[in-house]
Structure formats: C-alpha cells, structure tokens
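Here is a short tour to read alongside the model. Keep the sequence to hand as you go.

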Amino acid sequence: MSGAVTSVPGMRAAYASATKPDEPLAALTVGDQPEPAPPAGWVTVDVRASTLNHHELWSLRGVGLPADRLPMILGCDASGVDPDGNEVVLHSVVEDPSDPRGFSLLSERHPGTLAERVAVPAANLVPKPAGISFLDAACLPTAWLTAWHMLTTRGRVADADAVLVQGAGGGVASAAVILAAALGKRVYATSRDATKRDRIATLGATALEPGARLPERVGVVIESVGAPTFEHSLKCSAPGARIVVCGATGGPFPKIDLRRVFMMQLEILGSTMGTAAELASLMDFLVEQNVRPVIDSTYGFTAVGEAFARLNSGEVFGKVAIDHLH
Ligand SMILES: NC(=O)c1ccc[n+]([C@@H]2O[C@H](COP(=O)([O-])OP(=O)(O)OC[C@H]3O[C@@H](n4cnc5c(N)ncnc54)[C@H](OP(=O)(O)O)[C@@H]3O)[C@@H](O)[C@H]2O)c1
C-alpha cells in the first residue's frame, strides 16, 4: 500500500489511485477524496461499518476498473445511517444502462463504501434489523447476498439434500457453508488449508481436502474458485444438480467433460449478487435462525491498509471488517 495522503479537502477514503495487475496493494491510497454529490433520487449515508471483498483486489489490479475511472473509492459493502437517522444496509447493485450487465456495483462506476460517506440511490437502502450489528450487517451486501442468491434462487437448494462448497475459507464460500447448514442441508466443503478445514468443521460442514471423494453426490455445488476445482465439482454432482458459479478466483478456464454435463443433465449456472428484496429476506433469515456472519478480523478505518493486506494474504477465514468510527 502506498499510504500516500492527498491534499484535496474532503472526507477520508480508501481508493484506487492507480491499477497494478501484479501488485494490487501498491495501487491503494488512503487519504482525502471529495464529499459525495448525490444526484436527484440519491441519498448520502454516513458509513458506520464496511467489509472488504475480493472485488477490491480485482479493482486494484485493473479488472473491471479502467484507468479513466481513477481515482475510485473502493468498497461494495456498508451499513450506516441515512439522512433521516434510519439504520440501513446498502444494496450495492446500481442500475446502469451504460454497463453491458445493466448494472454496476458501487466502486465500479460510482464511488464505493470505503469512505466516511457514500451516495446511493434511495431504493438501495434496506432497513437494518435492530438485532444485527452494524459490523455484521456490513458483511452481507456482497458475499452473503451472493451466497444466498446462489443457494436459494439460482441453485434451488430447497430441492436438494446435500451441498458442496469449494474453497470454503473465502467470504462467499464460508457464507454459503453457514447458510446451507442453517437451511438444514448436509454440507461438504473443501479448503486447501488444514486450519481452515478445522474451522469449517465447526460451522456444520464436513470439511475435505480439495478433490476428495464425497460419501454422496450433491444437488447443488457452490463454485467461486473455478479452474482448480471445477472438474471435482462436476464429478461430485448428482443427476440434475446445479453447479452455481459466481467467480473464478483460481482461474476462468476449467477442464469440462461435456459428456458428464449432458449424461447427468447438469445445470451450470452463472450468478451475480442478488436483489434488495433478497438482501432483506437474508437478514430476516439470519435473525430467525440467530445466525451471524463469521468475521475474520476487524480494523479501525485508520488501519484500512492493514485490512487490505490481510485480505490479500489468502489466509482470511470469513470477512475482513472495517469499523468506520475508529
Ligand atoms: N458474482 C458475484 O456476484 C460475486 C460476488 C462476490 C464474489 N465474487 C467472486 O467470487 C470469488 C470469491 O470472492 P470472495 O470475496 O469470497 O474471495 P475471498 O474471501 O478472497 O476467498 C477466495 C477463496 O477462494 C479459494 N481459492 C483462491 N484461490 C484458489 C486456488 N488457486 N485454488 C483453490 N482455491 C482457491 C480460497 O479458499 P481456500 O483457501 O479455503 O482453499 C479462498 O478462501 C472472487 O473471484 C470474487 O470476485 C463474485
């Protein structure tokens, strides 16, 4: 991290001042950025807590963040307080006809959440239940919403008895393990790391080494790793299973035996984020089940650079959180 402090007056923020494909942390700057200037229909939220996602590392590498959008305040996730004093969680998906997907995430085209304040469309404010803390709520808008959408909407997990989660130490994957277990499914989860496997086992899953044989085939696979695990995902799938893919951290070009896809009538489904209504239903589910996110570590905003280094270490288990009041 450069740690360079700019002289522009405004609010403190963590932002991409450059993009560095091989050295993402060197593209991160912590310093002042201009205050939000919300257009009509948008509101400014005082951020109380945020969390980091792998998305921030992709942005610093220049993936999805071209140079003409720099500097860009990073961060997709936040909880905070709206101008009327309501405690809210931000839905990070902003409608955007100019983007080929029809939307962008905060920090891709509009400044992100790693700042004292962030502007979002009013429709992107979701009430935060009183029983969920600001820090826990800030874990939800990307990793947890993605896992929830993958399991329920895309994976139709209600029709499955067993779920496999690959690379289970990550933010999305650990959320998927916890949610699938809370939904009453038998959960198998792989991780490359023995310590993470020990922790996964405490979350209600059978923890396995990557590529290990499962005692049964599963109805839903949660894939965020890609090339290193995809062949295993195919082999572990029961007839008619859904392999739901939200990312390719380990590489986007897996080896696929198409005979297995058609003979087993498998569905390979892409998945991105989820809706604001799904974010609300996720929070209701967490309150009902008394389930809370796993937080790997919490940093004050003054130590945001250390939080990025922690995320980049690959040792993270669960979410890296930022307390914006410190
Ligand atoms: N489409 C969407 O809406 C969406 C939303 C969120 C995230 N994503 C994507 O999903 C991926 C995960 O995001 P995240 O924020 O959860 O990331 P993260 O917290 O950094 O976790 C990444 C996990 O992937 C596993 N992994 C990484 N490299 C691997 C490799 N070479 N071989 C095997 N496993 C590997 C690791 O699991 P182990 O160490 O346990 O093996 C690691 O914990 C990212 O690519 C991200 O861009 C997409």
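## The second largest pocket

Twelve nonpolar, three polar and two charged residues make up the lining of the second largest pocket. Here Ala, Val, Leu, Ile, Met, Phe, Trp, Tyr, Cys and Pro count as nonpolar, Asp, Glu, Lys and Arg as charged, and the others, Gly among them, as polar. A pocket is an open set of points on a 1 Å grid over the protein atoms alone, where a 1.4 Å probe fits, with protein on both sides within 12 Å along at least five of seven lines; lining residues have an atom within 4 Å of a point.

Strand E9 (residues 117-121) contributes the most to this lining, with three residues. Strands (E, at least two residues) and helices (H or I, at least four) are DSSP runs, numbered from the N terminus.

## The six-stranded sheet

Look next for an open sheet with parallel pairing, its six strands in the order E13-E12-E11-E14-E15-E16. Strands E13 (205-208) and E16 (267-270) are the edges, each pairing on one side only. Two strands pair if DSSP finds at least two bridges between them. For E14 (residues 218-223) and E15 (residues 237-245), there are five bridges, and Val-218 stands opposite Ser-237 in E15.

## About the model

The model is predicted: local features need pLDDT of at least 70 and side-chain atom pairs count only at pLDDT 80 or more, while totals for chains, interfaces and linings use all residues. Residues are numbered from 1 along each chain as its sequence is written, and side-chain values use heavy atoms, leaving out hydrogens and water.
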